[in-house]
Amino acid sequence: MFALRNASRRLYTSRRSRLLSTLAVLEHRGGQVSASSLPAVTAASKLGGPVTAFIAGGDSASVAAQAAKLVGVSKVLHVPNGAYDKGLPENFAPLLAENIKAGGFTHVVCAHSAFGKNIMPRVAALLDIQPISDVTEIKDATTFVRPIYAGNAIATVKTGQPTNIITVRGTAFPASATEGGNAEVAEAPVDPKAPALVEWVEENLAKSERPDLATASKVVSGGRGLKNKVKFDEFMPPLADALGAAIGASRAAVDAGFADNSLQVGQTGKVVAPQLYMAVGISGAIQHLAGMKDSKVIAAINKDADAPIFQVADVGLVADLFQAVPELTEKLKNEK
Amino acid sequence: MSALRILVPIKRVLDYAIKPRIAASGKAIDLTGQKMSLNPFDELSIEASVRLREEHKTRIEDILAFSAGPQKSQDALRTAMAMGADRGLLVDTATTELEPLAVAKILKRVVEKEKSNLVILGKQSIDDDAGQTGQMLAGLLGWGQATQAADIKLEGDTVTVVKEVDGGTETVKGKLPMVVTTDLRLNEPRYASLPNIMKAKKKKLEQIPLKDYGEGLEGRLEVLQLVEPPPRQGGGKVADVSGMISKLKELGAL
């Protein structure tokens, strides 16, 4: 009887999967598809149906040509209209909603980035859909896994909605290859040209030569133990450079002004899952762990032997960071 | 210049410092006897609206704190009123769990009834971590939205918001009415003083049953199960920096 039920479920699933079609919403900046969108393409491919990539902006045609090479994408729809350049949700959301309706997509996937978080719930509301945020695993076309309570519980949720809007956690899916695909490119069928009720004024992005925090393979992160901004800037960048790592920070370090807000790792900041996460002077509050506990290897330097970070660290060193970090930096440099 | 009628939706959640336990059903978090608090992001929303009143005294007609939740959410509303909200409105959901879409639909009706022209919400609740309600409400109302606010300025009917985005900040400007969601850097919420807590007990707290808010609020998602994340075992400590380097090499991290 179980076998029978499984067989019929398989039949049902396979019949459904033929009808699946997924829209992957891509971000772009400076004429390039953003790296943060590449895991979303992989997640979209996992759903099993054909994947259409969606791009809007003044230079959408050239970005679409790049997107056509992404492995997993079978079609690219683009909207050549500069009104969408800044990703303002008031016009971008109606644009997406109209194209989702026109294309009859069963799934819409976007990165759970500032862009995706801002726009996708609005799109969902326009379509009367309950979206699913920060998905870390796709079980099947209607079953998704996402962390709740700062990653302290992992929820498996099932949806019965005809169209599903999901944002995916970038660290949970590998990036799709940027060469090898050969998708057809077309202009999107609809541009409702809704007004942007909000005007973009300026942006102020932290400039850095270092790898991007969200996608870096190594991250060194500093906390309250660094004592002040001068010491943070004195000790953390050389260590990051010796490892080829991105720099992160705990909320305590950010609140105290040691580091820029955009470097915050945790429930309310960035979620990272690098090969190596080195926590320097960070005690390991649950809100911080929410942002880094899926790292492959965690190393910690802290002078408090009882700091909770040591309960998750694969390698712990109880030491004064002001001595240990320069020594480590020096030894790592000599290793190269 | 229009008078400001600010709506501040808040949520009562498991206190941020408590480690959640999965209930025996395996489908929910066990909240029995646990310390519950006002969602930290919502404290920032209340603080932001109270500061707007301090800056633009004559323009603020009303600051309404709203919650959709069980009876106990009254506590969260009283806290909001002790911090400076003028009155409270509770949609009593009893044991029904509402999804963000349903909350946004209820909020739309509240906005219309109360003639709110600025809604300030937290960017996410620390239990569900969805981060959706503000954006959904803005979409349903057809209003401008500014999410993850690190700074809010009001000049005339123009709202200028510095937003936290990946890699830095972005500034946007829109006209009222508008929806703004708050990020942690926006402000430092004040503590409610004892006199203000006493005064808050006298402020008006209206209660409306969920059924008065109409249809289309049913859940769209079913939680099949909740599990704890795979536990991470610490790998122990090393004696010195050289020990750390060799252990990292052994683990393939260097």
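How many cavities of 30 Å³ or more does the count come to in this structure? Good morning, everyone. The model before you is predicted, and the count comes to two such cavities.

Let me start with the largest cavity. Its volume is about 90 Å³. Lining this cavity are 13 residues, and those closest to its centre are A:Tyr149, A:Ala150, B:Tyr16, B:Ile18 and B:Ile126.

I turn now to the second largest cavity, which has a volume of about 50 Å³. Its lining is made of 14 residues; closest to the centre are A:Met120, A:Pro121, A:Ser133, A:Thr167 and B:Gln132. Three elements of chain A each give two or more residues to this lining: helix 5 (114-126), strand 7 (132-135) and strand 11 (164-168). Which element gives the most to it? That is helix 5 of chain A, with four residues. The lining of the second largest cavity divides into seven nonpolar residues, six polar residues and one charged residue.

Strand 4, residues 51-57, and strand 5, residues 75-80, are paired in the parallel sense, with six bridges between them. As one example of this pairing, A:Ala53 has A:Val76 in strand 5 as its bridge partner. What kind of unit do strand 4, helix 3 and strand 5 of chain A make? Together, with helix 3 spanning residues 60-67, they form a right-handed β-α-β unit.

Strand 5 of chain A also has a partner in strand 12, residues 184-187 of chain A; these two strands run parallel and are joined by four bridges. Here A:His78 stands opposite A:Glu187, a residue of strand 12.

Finally, a word on chain B.

Thank you for your attention.

How values were computed:
Residues are numbered from 1 along each chain as its sequence is written. Chains are lettered from A and ligands numbered from 1 in the order in which they are written. This is a predicted model: local features need pLDDT of at least 70, side-chain atom pairs count only at pLDDT 80 or more; totals for chains, interfaces and linings use all residues. Side-chain values use heavy atoms; hydrogens and water are left out. Two strands pair if DSSP finds at least two bridges between them. A crossover is right-handed if, with the strands pointing away from the viewer, the path from the first strand over the helix to the second runs clockwise. On a 1 Å grid over the protein atoms alone, a cavity is a set of points where a 1.4 Å probe fits but cannot get out, and a pocket is an open set with protein on both sides within 12 Å along at least five of seven lines; lining residues have an atom within 4 Å of a point. Grid points are joined across faces, edges and corners, and a volume is the space filled by probe spheres set on the points. Ala, Val, Leu, Ile, Met, Phe, Trp, Tyr, Cys and Pro count as nonpolar, Asp, Glu, Lys and Arg as charged, and the others, Gly among them, as polar.
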